[in-house]
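Me: Could you take a close look at the aromatic rings in this one, and at what sits over or beside them?

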Amino acid sequence: MTNKLIFLFFPYFFWISIESFSQSLEDTLHYQLDLNLSGRRISGEFSQAVIRGGFDLDLTYKNWHLENSMTYRYNKANTTLIEDNWNGLVTLHYYPGGSKKLYPGLFSYFDNSLIYRIKSRHNFGAGFGSEFDKGLLNLSLMGMIANGNSSYDGSEFVNSNRDFSTRKNGFMLFILENRYRISKELINFSYRIFYFQSLKEKADYIIKLNPQLNFNLLKGFSFYMIYEYRFENVHLENLSSKNDILLFGFNLKLKR
């Protein structure tokens, strides 16, 4: 547990080191680091500890753009571990001539879930994206071909005849992101939609939706609410195909 908490604060130390490094790059390197942390603790007849933390790192260097989003969730009720889950997405874009109308990109996605009995799942691939930016409104769409490797705690699936605890798959991946700034940036609304479609099985698809609302309290410091919805049409037997949760906490933003 301690090692995982240290990992969550790694981006802060990364920011300190990159601050001095970026001075030598003049104005060619720009970055934004968002840190968020929330949790609760209950003791007595029903004991529970819940921690959620993560970071979003956004780096731009000339025509290159790197985004890294990582979250971790820990949930233990009495002696039962309910969640010990990681979720990470890394994307690398290159804007030819600085244009964002059509650009190539790479991505790597990792997650695991005790609820869905997923030991590990890793998808990586390449494709193209396009971005529409009008100041208050920022809209982007990416379409990619991906290769996936998943390991499950079980081998019998709903809506699939491929009964293997380790599943390899080819995917089409679509990511839609929309960010909208409201009331002179005092309120920010954003959402991200993932759609994974298996190239081997028509019934094997995943939909993830993550709308988020930020209320800026101080410069670089805000209160946020996130609704996470997840639907997996192919899943292990005796599990639900969907899962959703409403989260809230505080966010610290560092940028240059």
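This is a predicted model: local features need pLDDT of at least 70, side-chain atom pairs count only at pLDDT 80 or more; totals for chains, interfaces and linings use all residues.

Reply: Let's start with a charge on a ring: the charged end of Arg230 sits over the ring of Tyr116, 4.5 Å from its centre. Here that takes NZ of Lys or CZ of Arg within 6 Å of the ring centre and within 35 degrees of the ring normal. Arg167 does likewise over the face of Phe157, at 4.6 Å from the ring centre.

Residues are numbered from 1 along each chain as its sequence is written, and side-chain values use heavy atoms, with hydrogens and water left out.

Now the pairs. Rings of Phe, Tyr and Trp (its six-membered ring) pair if their centres lie within 6.5 Å; planes under 30 degrees apart are stacked, over 60 edge-to-face, and the rest tilted. That gives 14 aromatic pairs. Trp64 and Tyr94 are tilted, because their planes are at 50 degrees, with centres 4.7 Å apart. Trp64 is partly exposed at 42% relative accessibility (between buried, under 20%, and exposed, over 50%, with a 1.4 Å probe and protein chains only).

Phe221 and Phe250 are stacked instead, 5.6 Å centre to centre with 5 degrees between the planes. Finally, Tyr109, Phe171, Phe194 and Phe196 form one aromatic cluster.
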